[in-house]
Structure formats: C-alpha cells, structure tokens
Amino acid sequence: MDHGLPSLLLTHGSYALLFVLLMAGGVGLPLPEDIVLLTGGALAHLGVVKLPVVIGVCFAGVLSGDLLLFHTARKLGPGIYEKRWMKALLTPERRARIAALYTRFGGRVIFLGRYMFVLRVPIFAMAAVQGVKARTFLLWDALALSLSAPLLVGLGYLFSHSIDRVAAGLGHAEHMLAIAVVGLLAGVILVRTLRARRAG
C-alpha cells in the first residue's frame, strides 16, 4: 500500500480530512467510500485517531454527503435526470426499474441501496425526486450505515497492513451483493405479479 488514496490518508490523515472526503464521495465524486472507511480504521490502529471517535466521524461524513445529495436532487427535481453525470448513471430503463422498486418497497430500497456501490447515487437521488420524505430517507440510510460504517472501520483496524487486499475483496463482495439483491427483488416482484394475475 504505497500509493493512492490510502497512502495519502495514512500520511496526512485526520478527522477533518476523513469527514470531507466521505461527504464529497457521498455526492458522487470519485472517492471510494469503502477505502476511506478502511483507512480510517488503519489510522486508529496506528494511534493517529481514536477508534470510537473515527467511527462517529466517518458515520457523520457519509450521512452528510448522502443528505446533501438528497436535498440537491430534491431541489433540482426531475431536471436532475438531464445532468450529464446523472445520465451516465441512470439510463431511462434503470430509472423505470428503480421507480418500480420505490413504488413497491418504499424506504427499504434506500437501505439496500447503501450497499450497492454502482446504484447508490441514483437510488438516493431518485428517493428525493420520487417524493420520499427527508426523515424517511435519513432513517433508512442511517440504519444501513450503522451497520456498514463500524464494520468497515473495524476491518481497517484489524487488517491495517492489508487494506488493499481487503478493499479488493470488498469490491468483489459488493458486486456479488448487488447482483443478489437485484435478483431477489426481481424474484419478489415476479412472484407478486403472478399471484395478482391468478387472483384476477
């Protein structure tokens, strides 16, 4: 681990830098959230920061970025779909699928979206455009984050000398989780649709 974001953080890491990077990543900038959280744990292992405090700071940083994204999307409304960066993430087909999920599952989509790196930003942005209340968004996002943030910071603390390998494994696991979640939701929708047709 002698280059890249982990090296920068291990050299110049602080509570403020972790918070800012996580908040910036939350609004869609290409700053891998998982790497920052893992490195926060490594900094705690090195004694640069305190573990309980860095967990709280990381939690607050991620949640602040998510709320900033939510309120920005709420302010822009459907016009956000015309932004170049959003068009790349949210094709019309993907937008239709996510909208259908919100119609059926409500805030639970936000909880699952937190663990889906590729779809996280569009799912959160669509929550605002779809009319999800801010307190509902905050509740589901915070619930999901209360699991993921301590876990990732803790992994960084325990495996501080192998962050690159841990991050690579998380990337693969996150990809598989996203596929599993999408498949599960599709299966639930299919079963409900078939039941509705039989009942009709």
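Analyst: Let's start with a term: a contact means heavy atoms within 4.5 Å. This is a predicted model, where local features need pLDDT of at least 70 and side-chain atom pairs count only at pLDDT 80 or more, while totals for chains, interfaces and linings use all residues. Residues are numbered from 1 along each chain as its sequence is written, and side-chain values use heavy atoms, with hydrogens and water left out.

User: What share of the contacts in the protein with a separation of 6 or more comes from residues 24 or more positions apart?

Analyst: That share is 78%.

User: What makes up the secondary structure of the protein?

Analyst: Helices are DSSP runs of H or I with at least four residues, and strands are runs of E with at least two. By that count, the protein has 10 helices and 0 strands.

User: How do you know what span is expected for helix H9?

Analyst: Take 1.5 Å times one less than the number of residues. H9 (residues 134–158) has 25 residues, giving an expected 36 Å, and its first-to-last C-alpha reach of 35 Å is close to that.

User: Where is the kink in H9 centred?

Analyst: On Leu-145, with about 30°. That's the angle between axes fitted to the seven residues ending there and the seven starting there.

User: Why is Asp-141 called buried?

Analyst: Buried means under 20% relative accessible area (1.4 Å probe, protein chains only). Asp-141 sits at 0%, so it counts as buried.

User: What does the side chain of Asp-141 make a polar contact with?

Analyst: The side chain of Arg-114, at 2.9 Å. The cut-off is a pair of N or O atoms within 3.5 Å, one able to donate a hydrogen and the other to accept it, so the pair at 2.9 Å qualifies.

Technical notes
Buried < 20%, exposed > 50% of the residue type's maximum accessible area, 1.4 Å probe, protein only.
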